[in-house]
Structure formats: C-alpha cells, structure tokens
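Subject: Structure for you to look at

Hello,

Here is the structure I promised to pass on. Have a look at it first, and then read on for what turned up.

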Amino acid sequence: QVQLVESGGGLVPPGGSLRLTCATTMGTLRYYAINWFRQTPGKEREFVASIGVDGTRYAPSVKGRSTVSRDAAKDAVVLQMNELQRTDTAVYFCNVRHDGIDYWGQGTQVTVSP
C-alpha cells in the first residue's frame, strides 16, 4: 500500500512559480511511475505530468514551463511550475498505480491570482 501526501500549493500571482512535492508516509516512491493531475470544481481530473522508467511526459498546457523530477534524498517527486497562469488554478494531486489500484493523495490547492 502507498500513502501519498502533496504539499507546496498556495496563492501565487500570474507569472509566478510554485514547487509541488509528492511524498509518501508509507512505502517508497522509488520504484513507481508518479503522475500529477489537477482538478477544478465541476470538471474531471486532468493529467498534468508524469515521471517513470520511460522518462517524463507533460500535458500540452504545461509543457515548456513545468518540470517533474525525483528528489532521491527525500524519496519524493517534485513538480516545478513556472509562468503560472490563472488557468493553472486547481487542486493538484499525485497518483501511483500499484497492483492495478490507483492511489491518490489529498491534494494541494494552487491559486493563481493577482
């Protein structure tokens, strides 16, 4: 079983940056592909970025201004988001799939506003 915890969200002005972290309180993230999703009220969760054995992937909406990476020392995955836009406002979740089961954290709120 994997328990995930996201952190690093907050209020940031347009054009600003945030560093979101996905960590675990049980198990290790070391051997998993980690996905980042986001969700706004009334909408389905949408894919943002992922990191796995085949490298990294990004949604077109964040590609070029976001970087997903592993922090081996902290056994965490970091999503660095730059040039934030109002449309990036959402709750951000990290996700792993283990034995066919999807595990999610509680999410961290990102609000982009002047």
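Let me start with aspartate 75, which counts as buried because its relative accessibility is 18%, and the limit for that is under 20%. Please keep in mind that this is a predicted model. You will find aspartate 75 in the loop that links strand S7 (66-71) to strand S8 (76-81). Its backbone is worth a look too: aspartate 75 is not a glycine, yet its phi is positive, at about 50°.

Glutamate 83 also has a positive phi, near 50°, and is likewise a residue other than glycine. It sits in the loop between S8 and strand S9 (90-98). Is glutamate 83 buried or exposed? Its relative accessible area is 52%, so glutamate 83 is exposed, the cut-off being over 50%.

As general background, nonpolar side chains in soluble globular proteins tend to be buried together.

Leaving aside residues up to four places away in sequence, its contacts include Trp36 and Tyr92, along with Leu18, Leu20, Val48, Ala49 and Val68. Arg19, Ser66 and Thr67 are also among the residues that leucine 79 touches.

Conventions: Residues are numbered from 1 along each chain as its sequence is written. This is a predicted model: local features need pLDDT of at least 70, side-chain atom pairs count only at pLDDT 80 or more; totals for chains, interfaces and linings use all residues. Side-chain values use heavy atoms; hydrogens and water are left out. Helices (H or I, at least four residues) and strands (E, at least two) are DSSP runs, numbered from the N terminus. Buried means under 20% relative accessible area, exposed over 50%, partly exposed in between (1.4 Å probe, protein chains only). Contact means heavy atoms within 4.5 Å.
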